[in-house]
Amino acid sequence: MLVRYDPFDECDHFLERVLADQMPRRIPIDAVRRGDAVEMSCELPGVEPESIDVSVDGDILAIRANRVLAPVAEDEVLELERAQGPFAREVALGADLDGGQVATHFEGGVLRITIPLVDAVAA
């Protein structure tokens, strides 16, 4: 399954707040085991699908995306509360997940990632 404990998680949250303009923001993720796979849902509202990159390197699943506000020249921006710029997340995959068989689907601002269990792929 996914590695649940990350001793540096609180450090990451602190650095995100301190260095908000200098580093990618963290992508929120929900993960559930559903049948013979793990399904992850990542919230990416306002992100263009072309800016999303999902890759696996060894046992690390990396998700990267970019959200950019593109006001027209005549626009007067009154408020910018939603984070702009790069978003990223890395998740350690357990040995029982097949990182070579990752499937993705993006719809309605939610990226869904499906990773089959190794035993399910071998069957």
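**Exercise 1. Which side chain of opposite charge is nearest to Asp 98, and how far away is Arg 33?**

Before we start, a word on the model: this is a predicted model, where local features need pLDDT of at least 70, side-chain atom pairs count only at pLDDT 80 or more, and totals for chains, interfaces and linings use all residues. Residues are numbered from 1 along each chain as its sequence is written, and side-chain values use heavy atoms, with hydrogens and water left out.

*Step 1.* Count Lys and Arg as positive and Asp and Glu as negative, leaving out His and the chain ends.

*Step 2.* The nearest side chain of opposite charge is Arg 33, 14 Å away.

*Step 3.* A salt bridge needs a side-chain nitrogen of Lys or Arg within 4 Å of a carboxyl oxygen of Asp or Glu, and Asp 98 has none.

**Exercise 2. Is Asp 98 buried or exposed?**

*Step 1.* Buried means under 20% relative accessible area, exposed over 50%, and partly exposed in between (1.4 Å probe, protein chains only).

*Step 2.* Asp 98 counts as buried because its relative accessible area is 18%.

*Step 3.* For context, 24% of the 123 residues in the chain are buried.

**Exercise 3. Find the place of Asp 98 in the chain and look around it.**

*Step 1.* Helices (H or I, at least four residues) and strands (E, at least two) are DSSP runs, numbered from the N terminus. The chain has two helices and eight strands, in the order α-β-β-β-β-β-β-β-β-α.

*Step 2.* Asp 98 sits in the loop between strand S6 (85-92) and strand S7 (103-107).

*Step 3.* Its side chain reaches the backbone nitrogen of Gly 100 at 3.1 Å.

*Step 4.* Ala 37 lies 61 residues from Asp 98 in sequence, yet their C-alpha atoms are 9.2 Å apart.

Key. A polar contact is a pair of N or O atoms within 3.5 Å; within protein, one must be able to donate a hydrogen and the other to accept it, and residues adjacent in sequence count only if both atoms are side-chain atoms.
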